[in-house]
Amino acid sequence: MVHYRILFIVNPISGFGLGWEIPYRIRHIAAYKHIEYNIRFTEYAGHAKEIVEQAKHQNYTHIIAAGGDGTVNIVVNAMMKHEIDLPIAIFPAGTANDFAYYMNIPNE
């Protein structure tokens with residue numbers, strides 16, 4: 001059996017504060033009931049970069065950036081800088097979500 005350990009990096013103020021709802025949404029997805037995951041909220045500008053740096057040594061199998069374009073940009077760049085070769089997913093939770101829109105990532 002494959003064991004997943006997922007890190008959600010969530011910007012709680014993205015989308016006019018809708019980022020705070022993400023843990024609630026995750027808990028109600030049946031597939032996540034049997035998956036180990038950790039949710040880390042960003043607390044200040046640049047905090048996502050520090051969370052990614054810490055994640056390098058915590059045996060995660062996937063990283064999910066939950067927020068707007070800025071959050072996604074910071075997470076992806078930090079992963080590249082620290083040579084973290086993990087699958088990344090995007091949970092569009094910003095106001096515009098331009099990156100998700102152009103990559104055809106649904107907002108649902």
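Guide: One term before we start: pLDDT is the predictor's confidence in each residue, on a scale from 0 to 100. You'll want it here, since this is a predicted model.

Visitor: Okay, where is confidence lowest and where is it highest in the protein chain?
Guide: Helix α1, residues 14-17, is lowest with a mean of 80, while helix α3, residues 47-55, is highest at 95.

Visitor: And what's the mean pLDDT of the protein chain?
Guide: The mean is 88, and 97% of the residues reach 70 or more.

Visitor: Switching topic: how many helices and strands are there?
Guide: The protein chain has five helices and four strands. Going along the sequence, the pattern reads β-α-α-β-α-β-α-β-α. The radius of gyration is 13 Å, close to the 13 Å from the globule rule for 108 residues, so the chain is as compact as a globular protein of that length.

Visitor: What box do the C-alpha atoms fill?
Guide: Roughly 35 × 35 × 25 Å, taken along the principal axes.

Visitor: How much of the chain is buried?
Guide: Buried residues are 37% of the 108. As for the surface, the chain exposes about 7,000 Å², with carbon and sulfur atoms supplying 55% of that.

Visitor: Let's pick a residue. Is His47 buried or exposed?
Guide: His47 has 6% relative accessibility, and the cut-off for buried is under 20%, so His47 counts as buried. You'll find His47 in helix α3.

Visitor: Which residues does His47 touch, leaving out those up to four places away in sequence?
Guide: Arg40, Phe41 and Thr42.

Visitor: Now Ile88. Where is that found?
Guide: Ile88 is in strand β4, which covers residues 88-92. Ile88 is partly exposed, with a relative accessible area of 36%.

Visitor: What does Ile88 touch, again skipping residues up to four places away?
Guide: Ile63, Ala65, Val75, Val76 and Met79. Val10 is 78 residues from Ile88 along the chain, and their C-alpha atoms are separated by 13 Å.

Visitor: Back to the whole chain: what share of contacts join residues at least 24 apart?
Guide: Among contacts between residues at least 6 apart in sequence, 71% join residues at least 24 apart.

Visitor: Last one: how many positive and negative side chains are there?
Guide: There are 8 positive and 10 negative, and the centres of the two sets lie 6 Å apart.

Key: Residues are numbered from 1 along each chain as its sequence is written. Side-chain values use heavy atoms; hydrogens and water are left out. Helices (H or I, at least four residues) and strands (E, at least two) are DSSP runs, numbered from the N terminus. The radius of gyration is taken over C-alpha atoms; the globule rule is 2.2 Å times the number of residues to the power 0.38. Buried means under 20% relative accessible area, exposed over 50%, partly exposed in between (1.4 Å probe, protein chains only). Contact means heavy atoms within 4.5 Å. Accessible areas come from the Shrake-Rupley method with a 1.4 Å probe; for residues, only the protein chains shown count as cover. Lys and Arg count as positive and Asp and Glu as negative; His and the chain ends are not counted. The place of a charge is taken as NZ of Lys, CZ of Arg, CG of Asp or CD of Glu.
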